[in-house]
Amino acid sequence: MARKETGESKALDAAIAIFFVLIAAFGVSAMLRVGPQPMGKPADPIRIQLLNGSGRPGLAGELASYLRDGGFDVLEVSNADRSDYKFTLVVGRTGAPTPGRIVAEYLGTRHVIQQIGSQELIDVTVIVGRDARRWTQPR
C-alpha cells in the first residue's frame with residue numbers, strides 16, 4: 001500500500017533530515033579540542049629533558065607537571081646553561097622532527113629547532129623561558 005504524500009509528511013521528512021544533520025554536526029564539534037594538546041599520541045611517550053632558563057626557581061618543575069598531565073615522559077628537570085631565556089625553546093633531539101613539533105604544539109609555541117643530541121634517552125629538550133608563566137598559572 002503506497003503512502004500518500006502530503007504537506008505534513010514532507011515537513012516531517014524535512015524535520016527528520018535536519019535532526020540528523022544537527023546530530024552529525026554536534027558529533028564533529030564535540031570531537032574538536034579546546035586548548036593546546038598533543039597533535040597525536042605516539043606509540044611511545046615522548047621523553048623530555050626540561051631545563052630551566054627562566055631565572056625563576058621552580059618554574060621548570062611546574063611545567064614538568066603540566067607536560068606529564070599531557071602524557072609526556074619528563075625524565076630530567078635541571079637548570080639551563082643560562083637563566084635569561086625570554087621564550088621557551090623546544091629542541092628536537094632525534095632525526096625525526098615530529099616529537100619536537102608535538103611538544104611545541106602542546107605548549108603553544110613556535111620556537112622549535114632541530115638539533116640531534118647524543119643522549120639516546122631524550123627525544124626533546126625544552127628550555128623554559130620567562131613566557132612559561134602562562135602554563136603554570138591557575139586559570
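The accessible surface of the protein, in this predicted model, amounts to about 9100 Å², of which carbon and sulfur atoms supply 59%; areas were computed by the Shrake-Rupley method with a 1.4 Å probe, and for residues only the protein chains shown count as cover. Of the 139 residues, 33% are buried, where buried means under 20% relative accessible area, exposed over 50%, and partly exposed in between (1.4 Å probe, protein chains only). Residues are numbered from 1 along each chain as its sequence is written, and side-chain values use heavy atoms, with hydrogens and water left out. Local features require pLDDT of at least 70 and side-chain atom pairs pLDDT 80 or more, whereas totals for chains, interfaces and linings use all residues.

The protein contains four helices and five strands, assigned as DSSP runs numbered from the N terminus (helices H or I, at least four residues; strands E, at least two). Their order along the sequence is α-β-α-β-β-α-β-β-α. Among contacts (heavy atoms within 4.5 Å) between residues at least 6 apart in sequence, 76% join residues at least 24 apart.

Side chains of opposite charge can pair when their charged atoms come close. Two salt bridges are present, each defined by a side-chain nitrogen of Lys or Arg within 4 Å of a carboxyl oxygen of Asp or Glu. In one of them, Arg47 pairs with Asp123, with 2.9 Å between the closest N and O atoms. This pair connects distant parts of the chain, 76 residues apart: Arg47 belongs to strand β1 (residues 47-52), and Asp123 to the loop between β4 (112-114) and β5 (124-128). Asp123 is buried, at 11% relative accessible area, while Arg47 is partly exposed, at 27%.

Arg82 and Asp84 form a salt bridge with an N to O distance of 2.5 Å. Arg82 is partly exposed, with a relative accessible area of 42%, and Asp84 is partly exposed at 45%. The charged end of Arg82 also sits over the ring of Tyr85, 4.0 Å from the ring centre; the criterion is NZ of Lys or CZ of Arg within 6 Å of the ring centre and within 35 degrees of the ring normal.

Two aromatic pairs were found in the whole structure. Rings of Phe, Tyr and Trp (its six-membered ring) pair if their centres lie within 6.5 Å, with planes under 30 degrees apart counted as stacked, over 60 as edge-to-face and the rest as tilted. The Tyr66 and Tyr106 rings form a tilted pair, because their planes lie at 35°, with centres 4.9 Å apart. This pair links helix α2 (residues 59-69), which holds Tyr66, to helix α3 (residues 98-107), which holds Tyr106, across 40 residues of sequence. Both Tyr66 and Tyr106 are buried. Ring pairs join Tyr66, Phe72 and Tyr106 in a cluster.
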